Amino acid sequence: MINLQGKETTAEITDIETQYNVTINGVHPTIISYKYSENGKEIESKYKVLEERKIENLEIGDDIEIKELDGNSIVKDLKPYGFSIWFFLLIPIPFLIIGLPFLIYSILHLKKELKLYKFGKVSKGKIVSMMLKSGLPVFNFGQGIIVHYEYETRSGNKVIGESFTTDFSIMSDKKNDDFVPIFVSVENEEKSCVVPKLQSLRNNWNIDFE
């Protein structure tokens, strides 16, 4: 807007500061401070640029051409340096892409388990193995324990079930060949899950975990 509609005027450089602690493609950003008069009033402003070659001969006290509009100004023929708001909006995208499959899996898994909590029958499963599952880096989203267990259906068939739990105490309280309470679907006995101990205690399900 300023570049198209701004009024050209002359400003005097009051300071030139190079930010040596920041490097973009081998170039340090520079802040040009300047002052100019508008309707008899002296106005001070700053302009950050990333154009080392174009400003290498500028010195304090030099005159530069600027464009001014409604109290805001830019240095003519120099592009401003700064992070676009879109840059910050794009930062979470990789995390969303990585986390989306985990989120979808978690929702489907939770939906299945909620049905078992509500309609499943309580049974016992003999632990075959327990394996720690790591989550997403930094956030540890999806971290927990994968439990494999064996149980029998009403017809006598043996089934190996797999269930994910965030109850890490199971690793210290139980070992292979110990029994753990499970929910088994009445409609399809091959569907099951480990009874969540914390949920059971909170909701007074009165399930024996010993």
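Predicted model: local features only at pLDDT ≥ 70, side-chain atom pairs only at ≥ 80, totals over all residues.
Q: Why is the pairing of K7 and E38 called a salt bridge?
A: The closest N and O atoms of K7 and E38 are 3.5 Å apart. The cut-off is 4 Å between a side-chain nitrogen of Lys or Arg and a carboxyl oxygen of Asp or Glu, so the pair qualifies. A search of the whole structure finds 9 salt bridges.

Q: What makes K7 and E38 a link between distant parts of the chain?
A: K7 is in strand 1 (residues 7-18) and E38 is in strand 2 (residues 30-38). The two are 31 residues apart.

Q: Why is E38 called buried, while K7 is called partly exposed?
A: E38 has a relative accessible area of 16%. Buried means under 20%, so E38 counts as buried. K7 has a relative accessible area of 46%. That value lies between 20% and 50%, so K7 is partly exposed.

Q: Which residues does E38 touch, not counting those up to four places away in sequence?
A: E38 touches K7, I43 and E68.

Q: How do you know that E42 and K35 meet in a salt bridge?
A: The N to O distance between their side chains is 3.9 Å. The limit is 4 Å, so this pair also meets the definition. K35 is partly exposed, because its relative accessible area of 26% falls between 20% and 50%.

Q: What makes K175 exposed, and which residue does K175 form a salt bridge with?
A: K175 has a relative accessible area of 54%. Exposed means over 50%, so K175 is exposed. K175 forms a salt bridge with D178, where the closest N and O atoms are 3.5 Å apart.

Q: Which residues are linked in a network of salt bridges?
A: K121, R154 and E189 are linked in such a network. Why can side chains pair in this way? Side chains of opposite charge can pair when their charged atoms come close.

Q: Why is T9 called buried?
A: T9, found in strand 1, has a relative accessibility of 19%. The cut-off for buried is under 20%, so T9 counts as buried. Leaving aside neighbours within four places in sequence, T9 is in contact with Y36, I64, E65 and I66.

Q: How far apart are E38 and T9 in sequence and in space?
A: E38 and T9 are 29 residues apart in sequence. From C-alpha to C-alpha, they are 9.1 Å apart in space.

Q: How do you know that S200 is buried?
A: The relative accessible area of S200 is 2%. This is under 20%, so S200 is buried. S200 is found in helix 6 (residues 197-202). Its contacts, leaving aside neighbours within four places in sequence, are V195, W205, N206, I207 and F209.

Q: What makes strand 8 and strand 10 edge strands of their sheet?
A: The sheet is open and has 5 strands in the order 8-7-6-9-10, with antiparallel pairing. Strand 8 (158-165) and strand 10 (192-194) each have a single partner strand, so one side of each is left without a neighbour in the sheet. Neighbouring strands of this sheet are turned by 40 degrees against each other on average, direction ignored.

Q: Why do strand 6 and strand 7 count as paired?
A: Pairing needs at least two bridges, and 7 bridges join strand 6 (residues 121-133) to strand 7 (residues 144-152), so the two strands pair. They run antiparallel. The bridge partner of K133 in strand 7 is G144.

Definitions and conventions: Residues numbered from 1 in each chain as written. Heavy atoms only, no water. Helix = DSSP H or I, 4+ residues; strand = E, 2+ residues; numbered from the N terminus. Buried < 20%, exposed > 50% of the residue type's maximum accessible area, 1.4 Å probe, protein only. Contact = heavy atoms within 4.5 Å. Axes fitted to C-alpha atoms, helices over the stretch in contact; angles between N-to-C directions.
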